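Open the structure in your viewer and keep the sequence panel in reach. Each stop below gives a selection and says what is there.

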Amino acid sequence: MSGPTVSSFLVGNSADVVLAVNVIHVNTETGMLPLLHCSGSNRYGEWSLNVSRGMNVSKVTVTLMRNLQLCLSNTTDCCMEPLCVVETLQVSACRGSTVLANLLIQAEIYANSSFTGNVSENATVIPNQVFQPLGSCPCNLTAGICDIRCCCDLECTPDLKQLFSGSCFAGVFGGNVNLPFDQLCSVQTTNSAPDWFPFLCVQSSLNNTPFLGYFYHGSVSSSLVSSFKIPLQTVPEKPLSGYKQGDPIMTTENEYFTIRQRSMAGQCVGNAPVAFLQNFDVKCVTSLSAYKEGLSHNVMITSGTGDTVQQNVIYGNVTDVRNFITKPEDIQSTEVLCTNVTFAEYYMFIWKGKTIEEINVTVLIGELCDGEILTQRFSVNFVSFNTTNTTELSGNPGYQVGKPVRAVNISSDTVTTLKLWQPVGNGLCTSATFTPVLFGLNSLSGCVLEVNINEDCGQLREDVTDRLNSLIQATHVGKRGNSSYSDLNDLVEIIRLDPPNPSANASVGNLNGICSDIPANLNIHIITADVGAVEGIAQEEILGVQISFSTVIWQFQCGIICENKSSSLPITASVQFIKVPAQPPIPMTRFQINYTEYDCNRNEVCWPQLFYPLTWYYTGEPYSQCLAKGLILAFFFLLAAVLSNPWSRILKV
């Protein structure tokens, strides 16, 4: 033990058991401990023993009853040395004269080193780092004690410094905080400086060092607010000249039009404004106790030019709540509070130019009971006033990252898309919903299929294949984000690689609970490429789509005894976007390879920006001062050119 208190436990029936503490001494000649005995009590010298008895466990606590402060004056109740107590204790548990258990404790306790003197209320004065460094001696790590090899430590006496005077810490850590910097004129003799170095070097004392962060404390002038900084507005303004993409939609009450959306942290917030021409489709999980109604559908919207737009609301009832509600297993069927709440809200904004012409809202209402988990859905879709259909494009002309991949089934003339599973609740395939494959985003999803131990392997392969094929019901995908479904030149045929035939490669016999060659994984590979640019923005197209299957061996999982219950078979679908051809980094030019001193990214001195202080982008000083200093510098350059060797020879002639 290293503290004044230590605890242990005595396990077993402690009735009629007596515990005692003793200080023992080891025989210095033989190294043996004294024989165990049952004599003693719960207090020995400065040690005290306390027992807290339980039913089958007793807590034993040994405490040192003395002062552990170092002696500062002529006092007796204190520790004379830092190592205050070094003793060996023995705790014995006896019933009668029989020793049932014993515990040896080696106590090495140091005196408390807490400060007990007077505390000064004078605050530490931090020097101005513009003129002197904050830490003039970084190696001084211990207060009141001389740090070895720290020659700048003022607490080191001259006698102590002689012991390590030849091994002092060097550099900034050793106190040499004012190191000579490369721009000083005095470093020319030590470093291989170019010929022009004496003309542009800095003549300064070491106290004016770049390690301070400043060369001088200049005046601070107010600068104009950059154009990309938006000033904070407490009260939003009504748009009068129309909306721009990304502008928040306003109500006639001069407030934001808000719909529940997902924040950057992944949580749903109810006060998120709807941005103009930005679609979204989110799902929010809530319960009856946490349910909150959103903005009223009677709110009037500002069109963008001063007119008002009223919401056209259509209400509907949800008959199949399985896609919205997850019921816990232990919910009671009687005496449960149920309320009609909003399950989903679908907004369609009809826009024209910079204005909103019409708003159509579809609201689905259902019954939510206490204890159930509701997955609400909120979607906003902006549709152009001039469009003939409500089909959303995925780009114009190339695909945009995050937009759905356009697909069509030519044989049935059905417009669809590539899908992935979106499991809900318990993750079973029977309750899973679908989500579209988004362009440029590699994805992996799956669900769990329940299988019995007596499942027919052929039927299992057929069921799994049908579920995977339900994700890809299209025969062609659109090359571009605005591809026409009626033009085959705008479509790419999907290449399908069927799963292997199990009869040709049967590695497992007809055993119950084991099936081979189960096509449990669907692999979707989409090949894309950059085919051009529109206004400097690269346009991507889909060159090809291939679908393949990966097989697994399914085995029924059971414990010691295989019961007649369902086992799980996870099936997955993955999407991978492959961009061809590979785009290597832009190779460096021969000039960049050979003349690295002109590379601003690898050198402190950037010659291409030699005249940067003379431009409007430099804001360290007023422009008039920069221009005056630049003219003086140009005069010196001209004077140096006149006094150079060719001109001096001409003047002599």
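This is a predicted model: local features need pLDDT of at least 70, side-chain atom pairs count only at pLDDT 80 or more; totals for chains, interfaces and linings use all residues.

**Stop 1: a sheet**

Select strands S1, S5, S4 and S3. These four strands form an open sheet, in the order S1-S5-S4-S3, with antiparallel pairing. Which strands are at the edges? Strand S1 (5-11) and strand S3 (43-44) are the edge strands, and each pairs on one side only.

As background, strands of a sheet pair through backbone hydrogen bonds.

**Stop 2: all disulfides**

Select the cysteines. How many disulfides does a search of the whole structure find? The search finds 10. Three of these links are visited below.

**Stop 3: cysteine 79 and cysteine 84**

Show both side chains. A disulfide joins cysteine 79 to cysteine 84, with an S to S distance of 2.0 Å. The torsion about this S-S bond is about -75°, so the disulfide is left-handed. Buried or exposed: which is cysteine 79? Cysteine 79 has 1% relative accessibility and counts as buried. Cysteine 84 is buried as well, with a relative accessible area of 18%; the cut-off for buried is under 20%.

**Stop 4: cysteine 146 and cysteine 156**

Move along to the next pair. The sulfur atoms of cysteine 146 and cysteine 156 are 1.8 Å apart and form a disulfide. Check the torsion: it is about 95° around the S-S bond of cysteine 146 and cysteine 156, so this disulfide is right-handed. Both cysteine 146 and cysteine 156 lie in the loop between strand S7 (98-110) and helix H1 (158-163), 10 residues apart. Cysteine 146 counts as buried at 14% relative accessibility. Cysteine 156 counts as buried at 6%.

**Stop 5: cysteine 457 and cysteine 515**

Select this pair together with helix H3 and strand S25. The disulfide between cysteine 457 and cysteine 515 has an S to S distance of 2.0 Å. Cysteine 457 lies in helix H3 (residues 457-469) and cysteine 515 in strand S25 (residues 514-534), so the link ties together parts that are 58 residues apart in sequence. The link of cysteine 457 and cysteine 515 is left-handed, with -80° about the S-S bond. Both of these cysteines are buried.

**Last stop: cysteine 626**

Finish by selecting cysteine 626. Cysteine 626 is buried, with a relative accessible area of 5%.

Definitions and conventions. Residues are numbered from 1 along each chain as its sequence is written. Side-chain values use heavy atoms; hydrogens and water are left out. A disulfide is a pair of cysteine sulfur atoms within 2.5 Å. Buried means under 20% relative accessible area, exposed over 50%, partly exposed in between (1.4 Å probe, protein chains only). Helices (H or I, at least four residues) and strands (E, at least two) are DSSP runs, numbered from the N terminus. Two strands pair if DSSP finds at least two bridges between them.
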